[in-house]
Amino acid sequence: MADGTEYGVADLMARGEPLALVYATEGSPLITSPSAVMARAVNPNAARLFYAWGMTAEAQQLNVDVGALRSAHPAVKDRPELRKFADVKTMREEASVVADKADEIKAQYVKYFKV
């Protein structure tokens, strides 16, 4: 499997499906989920409050428990069917390199995954 769908496999595993996750020894890509308050938001203060709440341990734990996502928040507990986040070797990316090679990366993705 590829393409950052660990959360999908985690949900299937939690339902008892006979699956196992294997992580690349050289490192797994870390796909972050950036968010922001839009410059012309209708209710920017409400958006900021929601954003701030989304970074709390409560909200991050909800992401883990319900969405099978990962969190770097130190108070958040990992799902029991997954390897601890701290024990997963992740690959680092340089944003400027990714930006400069975006077309090449996309072409390789299409070649490898036939999409």
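Leaving aside neighbours within four places in sequence, which residues is tyrosine 23 in contact with? This is a predicted model, so please keep that in mind. In it, tyrosine 23 touches Glu6, Ser28, Arg70, Leu82, Arg83 and Val88.

The whole structure has 4 salt bridges. In one of them, glutamate 6 and arginine 70 meet through their side chains at 2.8 Å, N to O. Glutamate 6 sits in helix α1 and arginine 70 in the loop between α3 and β2, 64 residues apart. Glutamate 6 is buried, because its relative accessible area is 17% and the cut-off is under 20%. Asp78 is linked with Glu6 and Arg70 in a network of salt bridges.

Next, arginine 79. Its salt bridge with aspartate 11 has the closest N and O atoms 3.4 Å apart. Aspartate 11 lies in helix α1 and arginine 79 in the loop between α3 and β2, so the pair ties together parts 68 residues apart in sequence. Arginine 79 also pairs with glutamate 81, at 2.6 Å between the closest N and O atoms. Arginine 79 is buried at 11% relative accessibility, whereas aspartate 11 is partly exposed at 29%.

Last, serine 71, in the loop between α3 and β2. Serine 71 is buried, at 8%. Its side chain makes a polar contact with the side chain of glutamine 60 at 2.8 Å, and reaches the backbone nitrogen of histidine 73 at 3.1 Å.

Notes: Residues numbered from 1 in each chain as written. Predicted model: local features only at pLDDT ≥ 70, side-chain atom pairs only at ≥ 80, totals over all residues. Heavy atoms only, no water. Helix = DSSP H or I, 4+ residues; strand = E, 2+ residues; numbered from the N terminus. Buried < 20%, exposed > 50% of the residue type's maximum accessible area, 1.4 Å probe, protein only. Polar contact = N/O pair within 3.5 Å; in protein donor to acceptor, adjacent residues only side chain to side chain. Contact = heavy atoms within 4.5 Å.
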